[in-house]
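Let's walk through this structure together, from the overall fold down to its charged pairs.

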Amino acid sequence: KKHCIALMIDQRVSEGEKINFFNKPALTTTLPAQLSMKFNLDIVPVFIERDHKNNFNIEFQNKINPVKFKNKIDLTKELNNILEKMVIRNPTQWIWTHDRWK
């Protein structure tokens, strides 16, 4: 139906899979991977950055095709890798008031 959904994957969750995030196991949601694989939906990572004038710059990254992954775990690992790169690129943009590795 040409709709979009947005899911924030940088949150601590109470259920999911222990998948490395910055080289430490972290409970991670597999919901984006499950939806992507079940409905054959591409995932488009989005990097949003606030500039010094409090404007937002939005960067749509290359889409991820779920058929390139054998299961939800492998796809979720790739999403965590992408998220790590976004955080490293500008760590001041992330405010984590929760412990992702708890």
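A residue is called buried under 20% relative accessible area, exposed over 50%, and partly exposed in between, using a 1.4 Å probe and protein chains only. You are looking at a predicted model, where local features need pLDDT of at least 70, side-chain atom pairs count only at pLDDT 80 or more, and totals for chains, interfaces and linings use all residues. Residues are numbered from 1 along each chain as its sequence is written, and side-chain values use heavy atoms, with hydrogens and water left out.

Start with the fold. The protein chain has two helices and four strands, taking helices (H or I, at least four residues) and strands (E, at least two) as DSSP runs numbered from the N terminus. Their order along the sequence is β-β-α-β-β-α. The C-alpha trace spans about 40 × 35 × 20 Å along its principal axes, and 26% of the 102 residues are buried.

Now for the charges. Side chains of opposite charge can pair when their charged atoms come close. With a salt bridge defined as a side-chain nitrogen of Lys or Arg within 4 Å of a carboxyl oxygen of Asp or Glu, the count is two.

One of them joins Asp42 and Lys63, at 3.4 Å from N to O. This pair links distant parts of the chain, 21 residues apart: Asp42 sits in the loop between helix 1 (31-39) and strand 3 (46-50), and Lys63 in the loop between strand 4 (56-60) and helix 2 (72-89). Asp42 is partly exposed at 36% relative accessibility, while Lys63 is exposed at 60%.

Arg89 and Glu59 also form a salt bridge, at 2.7 Å from N to O. Here Arg89 in helix 2 is linked with Glu59 in strand 4, 30 residues apart. Arg89 is partly exposed, with a relative accessible area of 44%, and Glu59 counts as partly exposed because its relative accessibility is 30%.
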